[in-house]
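Here is a short walk through one structure. Keep the 3D view open and follow each stop in turn.

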Amino acid sequence: MQGRLRRLLPAPPPRALLFRSLSSSPPPKGGGDGGSGVPVKQVTRGNLAEVLEELRGRVREATFVGLDLEMSGVTSAPWRDTFELDRDDVRYLKLRDSAERFAALQLGVCPFRWDPAKSAFVAHPHNFFIFPRKELSDCPSHEFLCQTTSIDFLAKYQFDFNTCFREGISYLSRAQEEEALQKLNLLHQDQTSASSTASEGDGDMPLERAADILFTERMKLNFKEWRDVIVSKPDSHLLGNTKCAAGQFQTVFFKMRPAIMLNGFSSHQLQLIEQVLRKNFRDLVYVCTFGEDDTSEKRVVYSDTDEDKILLMKDVQEDLLKSREARVKSAIGIRHVIDLLSSERKLIVGHSCILDIAQVYSKFVGPLPSSIKEFALSIHKIFPHIADTRHLMSVNQAVQKLMKQKSKSLSSAFSFLCPASPSYAMKPSSLSPVKIEVEGDETKSSCFISGAKHEAGYDAYMTGCVFAQLCTYLDIEFDQLSPQDNLATNNKLQKHINLLSPSWNSGTVIDLSSGMERPEPGYMRRYPAPVYDNIVLIWGFMSKVRPKEIKDCICKVFGLGSVISVFSIDSTAVLVQFKKPESVNDFLDLKAVLERTDSAISILHPLSTILEGGQTRAAKYDTYRDICSSSESKYLFADQAEAVCATSENQLQENVDDNLISGVHQSILDGTVLTSVNKGDGTKSGSKNEGDADITCQHILDALHDGRALIGRRMRS
Amino acid sequence: MAAPRAAAAAAASAKQVTRRNFAEAVRDLGAHLESCDYVAVAAQKTGAPTGWRRALPVDTAETAYLKAKLAAESFQPLQIAVCPFLLRNSSPSTLVAYPYNFHIFPRDELQLGMPSYSFSCQSSYLSTMANDGFDFNMCIYDGISYLSRVQESFARQKVFTPHLRPLLPSQSTSVADSVFKSRIKSRIMHWRKGYAEPNKKDDGSLVSSLCRLILGGETYGSRPSISIDVCSDQQVQLVLEAANHISDDLVPLVVPDKAGAARAVCVIFTSSKEDKNLLLMDIQQSTEEKFRGFREVIDLLSSSQKPIVSYNCLNDLTMMHSKFVAPLPPNMHEFMCSLKMVFSNVVDVSHLWRQIGPLRKAKNIQAALSYLQRQYFVPIEIKIPEQDGTSGVTKNEQNVLRITKLFAKLSNLLKIGPEYQLKSGEQYAAVEEYCNVFYPSCMVEDSDDVDFANEPDTAKAVSTDNIIFLWGFRGKSVKELKSYLPGLHQIFSEDFEVKLLDKTCSALIFCNSDTAMQLLKEISSESPSLNSFFSEGLKAAGFEVYRKVCRLGLWDSDLAEALEGVSSEVAASTLSECNSSQIYWNSSLMLDLKEYL
């Protein structure tokens with residue numbers, strides 16, 4: 001592939017254009033075997049600084065910037081998958097959980113510049129490796145989660161974990177940077193005040209060992225000797241290389257003052273030296289500084305007056321502060337890229353990108369806000385213009401028609417909208433494609449690797465290509481766009497940007513500028529719209545109980561049409577939606593009563609199928625939200641729920657009036673009567689309900705077994 | 001992927017095993033296990049607990065177990081080194097070792113969310129591994145997958161793979177059945193003829209391939225096969241009978257659908273008797289690989305009954321139990337029982353070196369080894385007959401070899417094993433005497449630091465009744481606390497030790513348990529003498545609260561936060577019924593304060 005690229009490169013100009021009409025190579029099939037022929041710049045901590053400079057210019061010139069992220073996982077437990085019937089707050093909790101727990105491993109950034117002369121876009125795909133290395137010693141150690149299937153998926157596409165973990169660029173979020181700087185300033189203040197006031201030590205080490213006492217005495221003599229030489233012959237040391245009487249010390253200069261380097265002492269010895277100086281010499285100061293490569297340098301400095309000493313210490317402290325500040329600045333790392341994109345206020349283009357954006361926020365800005373509205377508004381402040389190609393595909397009739405029955409994944413959209421060759425037989429409906437070139441930089445070709453699917457850099461490039469094609473469907477003519485024009489304010493595009501889907505199956509879009517969520521036009525629901533007041537969450541039933549049985553036995557008690565749907569969260573929990581809101585409380589009361597009474601009735605009762613085992617719990621929908629918001633992460637929902645409830649035990653205990661029991665007893669009897677009467681058509685209703693149950697079963701299968709398809713959807717292939 | 005390997009101390013290197021050479025490595029390992037005396041085991045994981053989630057000096061065996069359980073459940077082993085070795089008491093003593101380094105990755109082979117849906121990584125841990133030249137790509141791309149014993153039995157109920165089915169004695173058949181059978185028989189015969197009887201030469205490849213197309217030939221691996229759809233068990237039986245009648249070189253394989261019912265029978269043609277045996281073995285192996293994978297090694301270790309030698313046993317064996325046997329039980333006792341069923345004898349080398357007085361203070365293997373090197377003369381000749389030769393030494397195999405070497409020296413000094421019987425009627429010690437005693441490691445793991453702890457060795461048994469957990473002191477240092485507390489209440493004028501457990505909480509260890517009890521009593525009754533204590537925002541609780549925090553698994557927050565949450569409930573109830581236990585309070589196991597700043 002590289003060979004072919006090189007042949008295409010005109011030799012003489014150092015910065016050659018790699019000419020490629022959008023299509024010159026088909027997207028790679030299947031796994032990452034063979035690249036796409038698109039050179040993608042690989043950025044690690046070795047070349048970040050130089051790339052950053054270059055990227056700044058590229059982004060400034062760009063019309064829009066493609067963005068993509070590869071993560072170490074998506075869902076921390078199967079029940080944390082987003083479901084269509086999740087309420088918006090629950091959905092956000094799941095998004096937040098994902099963004100906070102998993103690490104970002106690759107960031108793809110691809111600026112697209114419109115070149116009027118060629119009437120083509122020029123793209124510069126960049127692929128940044130990220131690794132949350134602990135750069136500052138005082139930052140808490142970082143722990144992140146890996147989802148096994150996601151890691152395996154990345155491995156299938158030849159993700160280079162070695163480069164990522166060894167050479168990945170670290171980062172500090174804005175919040176972390178602020179905190180680190182604050183800590184520094186506090187430390188600095190403490191030190192300056194400490195050095196001026198308490199010089200007489202409270203932290204004296206008792207000299208117990210003979211070796212320590214001898215060493216201390218020897219040092220005392222040596223320092224005294226050296227000091228006497230300096231004081232008696234103030235000029236002699238100016239000669240520079242003069243060997244002082246105290247043979248082992250060589251005079252150097254530190255901030256215009258004579259000094260001794262302390263090399264080769266152990267940390268214990270250095271402590272002793274410090275103590276000697278503090279106790280016995282008013283005019284010798286122990287100074288510790290940090291050199292270029294973070295190694296500490298210790299010196300003894302002669303300073304003749306007290307004022308001079310204070311001045312010296314102040315000087316040293318300021319140097320220290322500066323070097324520490326510089327260290328914090330350099331620890332910002334990859335966040336510079338995000339800051340750069342944010343400050344240029346360019347149009348950011350992603351594909352189904354809410355999770356990417358949430359990841360960017362949590363890693364590079366700060367902890368995610370508590371509600372989706374706040375999240376949307378704060379994102380809007382950082383990136384004022386975001387376009388989602390997945391959403392754009394759904395707003396245009398022509399595209400919808402074209403993509404009918406097709407997967408909405410990125411690679412599928414790319415191969416479909418960006419045809420394989422110019423001579424490709426166009427469908428009558430499709431428009432002529434926008435030309436896109438990729439610019440490589442031959443002089444440093446070593447850091448270019450031919451892009452492959454599911455590499456963030458190449459995905460960012462594909463996203464941008466898809467976006468450019470989609471724009472033509474929206475009748476946006478790039479030719480009439482002057483470089484100064486902001487594409488984001490184009491009136492044909494404006495109404496479609498800053499609209500993101502909170503999840504692939506939410507059926508809604510959130511407007512980032514207002515924080516309001518609204519239904520997405522043209523979304524086909526698989527389930528009836530849920531009414532959250534009518535929903536009961538049940539968990540901890542016996543593992544053999546199927547969702548359909550739960551539905552059947554509730555129907556036996558509450559009547560045939562009383563349950564609208566039973567949705568399986570995982571094998572240990574279901575959400576049951578009743579037809580009437582009052583059924584929720586009725587169910588909870590009935591359950592409590594049945595658990596209290598230890599009679600034959602409670603065993604014979606139809607609900608005993610659910611209650612069998614004595615571990616079954618039920619609660620209203622809000623409890624589901626509370627469980628999702630917990631920082632725990634158990635694999636099974638029932639375990640998670642138990643863990644959450646163990647800490648807030650009293651919350652879930654249902655209070656049942658004792659006098660209610662007799663009443664319910666009656667209804668229990670009624671219930672059993674009801675079932676026996678209805679037994680005849682019970683079977684009929686059973687078969688009628690099978691349809692619903694099938695859907696739920698299908699969904700479980702989707703969620704559990706069809707891992708690959710799911711990831712495909714999630715990772716926005 | 002040429003990984004820059006860390007400079008290795010020893011030139012020896014272990015056999016690197018991935019899924020590509022697993023089958024052959026297991027065969028070799030089995031043979032070596034037969035002939036060896038002991039097996040050393042070491043694991044390289046993706047992280048270790050930090051902060052107060054590590055084993056602390058205040059932990060009892062029970063709370064230390066709960067912490068090890070947390071670590072075992074959250075982190076993932078990426079390499080497991082297994083080293084069977086034998087000791088010969090010749091002069092000098094000879095150690096023959098066969099180290100293997102297995103790369104494992106919890107790939108979800110059966111798409112059931114097993115063996116682990118997700119796992120935690122600690123970035124500082126991964127960085128260190130990366131710097132040491134750990135090859136992550138090798139591990140993730142080619143690591144061997146596995147299922148625990150419990151997961152395997154679950155998977156066997158859920159997932160159905162093509163399998164052989166024994167032929168049942170034929171029953172009376174209906175007319176329809178015999179028609180079906182003869183039809184199938186002729187179909188298979190036609191198809192088989194294409195392979196069994198070499199074609200006439202002029203038949204041309206086009207014709208033969210057309211022929212195959214029409215007859216519905218497929219391939220199973222490299223062998224020709226034909227798939228026959230069935231819709232009932234009776235039909236399966238008929239197809240099996242038909243295939244059986246035709247020839248011995250046909251292997252019928254029942255292909256199940258997702259629910260486990262037979263969907264088709266795949267009849268495979270083998271060219272000879274050897275070929276048939278090979279195929280049968282392959283079929284067996286491929287299912288084994290999917291359902292057991294690396295666990296086969298664990299099963300081998302278990303069935304060999306050889307003593308397992310390890311360092312940091314509590315952590316490594318809880319990990320092995322949870323990944324390869326079953327989920328960890330809720331308490332230490334059950335764990336030890338369950339572990340004994342798998343590995344009856346486990347030796348913790350750190351327990352062994354504690355038997356040698358001056359070594360007691362050694363912080364890690366490296367320290368113990370270098371002390372032995374300096375102070376004792378234990379010449380041991382190490383032989384590693386089978387070496388990989390190609391790659392450098394990974395950290396993990398280096399560890400397992402160190403364990404091996406250290407064990408060899410210690411067993412020489414302690415006269416463990418029948419090998420040391422000979423000398424002038426001396427009694428040898430059975431290795432069993434040292435088995436199954438685990439030390440929670442409170443020490444910094446993995447550092448190559450050879451320093452001994454500076455502090456005097458003052459491990460002493462302290463009752464948990466003497467311990468008070470104190471929080472709310474807002475970042476004061478131990479020294480500050482020591483001078484600050486006596487001003488608040490007269491109880492603090494008595495002698496006590498202070499240890500910081502994390503940046504929010506410290507433990508006060510009183511010499512007298514009555515003092516501690518009295519303090520707790522006054523706190524729970526909110527005695528006015530403690531007014532200044534409370535108004536400073538200080539809180540305190542007894543060990544019972546800490547135990548509850550560990551039992552509930554409130555690992556997510558700072559220790560102060562967790563204690564605060566639980567203390568309100570426990571305070572009143574537990575003062576009366578105290579079940580105290582003992583900890584080994586060792587002031588040398590100090591926490592490094594710098595980690596919390």
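**A loop tyrosine and its contacts**

Begin at A:Y532, which sits in the chain A loop between β18 (516–519) and β19 (535–539). Keep in mind that this is a predicted model. Which residues does A:Y532 contact, leaving aside its neighbours within four places in sequence? They are A:L85, A:D86, A:R87 and A:Y621. For A:D86 there is a polar contact too: the side chain of A:Y532 reaches the backbone oxygen of A:D86 at 3.1 Å. Now compare sequence with space. A:Y532 and A:R87 are 445 residues apart in sequence. Their C-alpha atoms are 7.7 Å apart.

Is A:E84 buried or exposed? Its relative accessible area is 4%. Buried means under 20%, so A:E84 is buried. A:I382 makes another reference point. It is 298 residues from A:E84 along the chain, and 29 Å separate the two C-alpha atoms.

A:I382 leads on to a pair of helices. Two packed helices are described by the angle between their axes and the distance between the axes. Take α11 (residues 354–364) and α12 (residues 372–382) of chain A. Their axes come within 11 Å and cross at roughly 75°. Angles of 65 to 115 degrees count as roughly perpendicular, and α11(A) and α12(A) are therefore roughly perpendicular to each other. Which residues make the contact? From α11(A) come A:I354, A:I357, A:A358 and A:Y361. From α12(A) come A:F375, A:S378, A:I379 and A:I382. The residues of this contact divide into 7 nonpolar, 1 polar and no charged.

Another helix of chain A is α4 (residues 148–156). How many of its 9 residues are buried? The count is 7, so α4(A) is largely enclosed by the rest of the structure. The buried residues are A:T148, A:S150, A:I151, A:D152, A:F153, A:L154 and A:A155. After α4(A) comes A:Q158, with a positive phi near 60°.

Now switch to chain B. Strands of a sheet pair through backbone hydrogen bonds, either parallel or antiparallel. Here an open sheet of 4 strands has antiparallel pairing, in the order β16-β17-β15-β18 (chain B). Its edge strands are β16 (496–502) and β18 (539–541) of chain B, and each pairs on one side only. From one strand to the next, the twist averages 25°. Look inside the sheet. Strands β15 (residues 467–471) and β17 (residues 505–510) of chain B pair in the antiparallel sense over 5 bridges. B:I467 has B:I509 as its bridge partner in β17(B).

Finish at B:T504, in the loop between β16 and β17 of chain B. Is B:T504 buried or exposed? Its relative accessibility is 17%, so B:T504 counts as buried. Its side chain makes a polar contact with the side chain of B:D502 at 2.8 Å. The side chain of B:T504 also reaches the backbone nitrogen of B:A560 at 3.2 Å. Leaving aside neighbours within four places in sequence, B:T504 is in contact with B:L470, B:W471, B:G472 and B:F473, and also with B:D558, B:L559 and B:A560.

Conventions
Residues are numbered from 1 along each chain as its sequence is written. Chains are lettered from A and ligands numbered from 1 in the order in which they are written. This is a predicted model: local features need pLDDT of at least 70, side-chain atom pairs count only at pLDDT 80 or more; totals for chains, interfaces and linings use all residues. Side-chain values use heavy atoms; hydrogens and water are left out. Buried means under 20% relative accessible area, exposed over 50%, partly exposed in between (1.4 Å probe, protein chains only). Two strands pair if DSSP finds at least two bridges between them. Helices (H or I, at least four residues) and strands (E, at least two) are DSSP runs, numbered from the N terminus. Axes are lines fitted to C-alpha atoms, for helices over the stretch in contact, and angles run from 0 to 180 degrees between N-to-C directions. Angles under 35 degrees count as roughly parallel, over 145 as roughly antiparallel, 65 to 115 as roughly perpendicular and the rest as oblique. Contact means heavy atoms within 4.5 Å. Ala, Val, Leu, Ile, Met, Phe, Trp, Tyr, Cys and Pro count as nonpolar, Asp, Glu, Lys and Arg as charged, and the others, Gly among them, as polar. A polar contact is a pair of N or O atoms within 3.5 Å; within protein, one must be able to donate a hydrogen and the other to accept it, and residues adjacent in sequence count only if both atoms are side-chain atoms.
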